[in-house]
Amino acid sequence: MVEKLTAALPETGRLAVMLNNLGGVSVAEMAILTRELANTPLQARIDWLIGPASLVTALDMKGFSLTAIVLEESIEKALLSDVETASWQKPVQPRTINVVPSTLDSARVDFTPSANPQVGDYVAQVTGALIDLEEHLNALDAKVGDGDTGSTFAAGAREIAERLERQQLPLNDLPTLFALIGERLTVVMGGSSGVLMSIFFTAAGQKLGQGASVAEALNAGLEQMKFYGGADEGDRTMIDALQPALAALLAEPGNLQAAFAAAQAGADRTCQSSKAGAGRASYLNSDSLLGNMDPGAHAVAMVFKALAER
């Protein structure tokens, strides 16, 4: 398509290009088409990109269109003018994506197993709760996602629980324990949840190694999760429960009951959310979301409940 479009255009001149969804192409597929357009020779001439968006449609027709116009001053001024049409998208200037290098350690964690009954009890409570929740979380996720949240969390929990049973965890060395959990979760959990939880524990472990308290370290892990994952409180993810819980824990260290109450309130709020800002639920309409709790937020709330009741 780009070759045909290029052949019909003058050999020189700045361009505005509109990438239009004819109605039935998914958001993810339109994003792929945008990336492919950016990798063509035409990209060097594109000063303004309109879309990808559903601008000229045939209801739910499967397909897209690509339109280019050679820019001159009057045309460019018109394209950038404010309009009353609600669905029109203002042109944007294509730009190079800046890749931010991660500061997180990714090397294999070396450790020496050690004992700490209190920490071991915490680990057992968390892993046990997530394993028991597997079917329930899958059922919740089937309503708003792909039905595997429970299996994903349970896979990570079983890995850590088995290491606990074999006495293969550095329970008396919290920075190393958190780093090891982060390493194992990225291997066994899979999916975006595994990556995000790995970032969370790895960053928290680094903060603990710098002398931070557990509450401070967990909040630092949350900030890294938000930075790399792109979601925030209110986006209908596990962060809706995790952020208020960790804020409560930071305000009152050791008060797990307050942390649980904050987590549960955050999870409950996802039932009233009609739009998701991240994850597979972001592709669903409000009717599919209202009244259904986010499974990740529910998992977080139940973990804090288990800790509060230990």
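How many of the 310 residues of this protein count as buried? The answer is 44%. Buried here means under 20% relative accessible area, exposed means over 50%, and partly exposed lies in between, with a 1.4 Å probe and protein chains only.

A word on the source. This is a predicted model, so to speak of local features we need pLDDT of at least 70, side-chain atom pairs count only at pLDDT 80 or more, and totals for chains, interfaces and linings use all residues. Residues are numbered from 1 along each chain as its sequence is written, and side-chain values use heavy atoms, with hydrogens and water left out.

Now the overall picture. The protein has 13 helices and three strands. These are DSSP runs, numbered from the N terminus: helices are H or I with at least four residues, strands are E with at least two. Along the principal axes, the C-alpha atoms fill a box of roughly 75 × 40 × 30 Å. The accessible surface is about 16,600 Å², and 54% of that surface belongs to carbon and sulfur atoms. Areas come from the Shrake-Rupley method with a 1.4 Å probe; for residues, only the protein chains shown count as cover.

Next, contacts. Contact means heavy atoms within 4.5 Å. Take the contacts with a separation of 6 or more: residues 24 or more positions apart account for 71% of them.

Charges, quickly. There are 22 positive and 36 negative charges, and their mean positions are 2 Å apart. Lys and Arg count as positive, Asp and Glu as negative; His and the chain ends are not counted. Each charge is placed at NZ of Lys, CZ of Arg, CG of Asp or CD of Glu.

Let's go to one helix pair. H10 covers residues 239–251 and H13 covers residues 295–308. Their axes come within 7 Å and cross at roughly 35°. Axes are lines fitted to C-alpha atoms, for helices over the stretch in contact, and angles run from 0 to 180 degrees between N-to-C directions. Which residues meet? From H10, Ala241, Leu242, Ala245 and Leu246; from H13, Ala297, Val300, Ala301 and Phe304. By class, this contact has eight nonpolar, no polar and no charged residues. Nonpolar covers Ala, Val, Leu, Ile, Met, Phe, Trp, Tyr, Cys and Pro; charged covers Asp, Glu, Lys and Arg; the others, Gly among them, are polar.

Ala263 touches Ala241, Ala245, Ala301 and Phe304, leaving aside residues up to four places away in sequence. Ala263 and Ala245 are 18 residues apart in sequence, yet 4.7 Å apart in space, C-alpha to C-alpha. Is Ala263 buried or exposed? Buried, with a relative accessible area of 0%.

For contrast, look at Glu135 in helix H5, residues 134–144. Glu135 counts as exposed because its relative accessibility is 70%. Glu135 and Leu169 are 34 residues apart in sequence and 27 Å apart in space, C-alpha to C-alpha.

Last, the backbone. Gly51 and Pro52 are joined by a cis peptide bond, with omega about 5°. Pro52 sits in strand S2, residues 46–53. Gln167 is not a glycine, but has a positive phi of about 60°. Gln167 lies in the loop between helix H6 (149–165) and helix H7 (174–188). At 63% relative accessibility, Gln167 is exposed. Arg236 also has a positive phi, near 65°. Arg236 is in the loop between helix H9 (214–229) and H10. At 1% relative accessibility, Arg236 counts as buried.
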